[in-house]
Amino acid sequence: MRARWLATIPMAALALVTIYPLVFTTNVALKTRREYVLDRFSPAESPRPDNLATAWTSVGMGGYFATSLIVVTCAVALLLWLGSMAGFALGSLRFRGSRALYLGCLAALFIPFQVIMVPLARTMTTLGLIDTRPGLVLAYVAQFLPFTIFLMASYYAHVPPEIVDAARIDGNTLFGVYRRIMLPIGTPALISAGILDALFCWNDVLIALLLMPSAENRTLMVGVTSLRGQYSDDIPTFAAGVLIAAVPLLVVYLFFQRHIAEGVAAGSTKG
């Protein structure tokens with residue numbers, strides 16, 4: 001019993017520390033400017049949900065939301081497709097150069113984006129992809145594909161090779177094995193990779209700011225930063241914009257948190 005309490009108390013404290021910023025932001029978003037100036041930590045006396053409407057309409061956050069939703073959906077779909085195929089090849093198959101390719105993917109994880117941002121911008125300019133949604137989708141795929149491959153390869157490496165051999169004996173091609181056998185088996189890792197990739201893409205500011213400079217093509221997170229500049233003296237409206245940007249991923253995480261934990265742990269426990 002004592003051991004349980006020793007574990008519960010620090011975990012509860014960690015949960016409170018994690019939840020507090022969201023509670024504080026929600027409270028500030030419902031305050032008037034006067035209430036915030038007088039006491040930023042007290043509960044809102046007269047909640048004002050119209051701050052959310054002001055943040056949504058004032059800088060075109062509806063358009064920014066649509067851009068983020070389209071770009072993140074397309075990027076995650078490509079990441080899961082390419083990452084699962086490459087993960088199957090590097091995790092389950094053995095061929096000449098597979099080890100070197102896998103180590104290359106691992107090495108790419110340690111390269112900061114700041115190192116490649118200048119050549120990336122030049123390449124995108126040459127291809128005419130600056131300030132376009134396809135260009136931003138491709139940039140996200142290039143940036144986050146090594147992580148997706150690593151996660152999927154780690155999962156597939158623990159799938160017994162006899163499964164692949166039996167499927168090949170039954171007449172399946174390698175792509176047939178991938179589509180009929182490995183994709184269903186890899187569902188937990190796919191869900192985890194998809195949610196984590198969505199988090200990375202949705203929360204990104206640097207890549208979107210570099211490749212989408214026009215105001216009308218901003219993503220939601222870049223739009224929130226512009227909201228901060230426009231409403232530097234109106235913190236409740238800025239907090240409302242932050243809340244709008246955070247809620248979609250918070251909802252997704254609440255629905256899929258169990259799958260995230262299962263998928264991340266599966267690679268080290270399966271088999």
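A residue counts as buried here when its relative accessible area is under 20%, as exposed when over 50%, and as partly exposed in between. Keep in mind that you're looking at a predicted model.

**Stop 1: the whole chain.** Select everything and colour by accessibility. Of the 271 residues in the protein chain, 38% come out as buried.

**Stop 2: secondary structure.** Switch to cartoon.

**Stop 3: a helix pair.** Two packed helices are described by the angle between their axes and the distance between the axes. Now select residues 161-169, which are helix H8, and residues 174-185, which are helix H9. Their axes come within 10 Å and cross at roughly 135°. That angle makes H8 oblique to H9, since the roughly antiparallel label needs an angle over 145 degrees. As for handedness, H8 passes H9 in a right-handed crossing.

**Stop 4: a greasy spot on the surface.** Jump to Val247, Val251, Val252, Phe255 and Phe256 and show them as a surface. Together they form a nonpolar patch with about 430 Å² of accessible area.

**Last stop: Phe256.** Zoom in on this member of the patch. Phe256 sits in helix H13, which covers residues 235-269. Is Phe256 buried, partly exposed or exposed? Its relative accessibility is 35%, so Phe256 counts as partly exposed.

Notes:
Residues are numbered from 1 along each chain as its sequence is written. This is a predicted model: local features need pLDDT of at least 70, side-chain atom pairs count only at pLDDT 80 or more; totals for chains, interfaces and linings use all residues. Side-chain values use heavy atoms; hydrogens and water are left out. Patches are made of residues with over 30% relative accessible area and no salt bridge: like charges are joined within 9 Å, nonpolar side chains (Val, Leu, Ile, Met, Phe, Trp, Tyr) within 5 Å. Accessible areas come from the Shrake-Rupley method with a 1.4 Å probe; for residues, only the protein chains shown count as cover. A salt bridge is a side-chain nitrogen of Lys or Arg within 4 Å of a carboxyl oxygen of Asp or Glu. Helices (H or I, at least four residues) and strands (E, at least two) are DSSP runs, numbered from the N terminus. Buried means under 20% relative accessible area, exposed over 50%, partly exposed in between (1.4 Å probe, protein chains only). Axes are lines fitted to C-alpha atoms, for helices over the stretch in contact, and angles run from 0 to 180 degrees between N-to-C directions. Angles under 35 degrees count as roughly parallel, over 145 as roughly antiparallel, 65 to 115 as roughly perpendicular and the rest as oblique. A crossing is left-handed if the near helix is turned anticlockwise from the far one by less than a right angle, and right-handed if clockwise.
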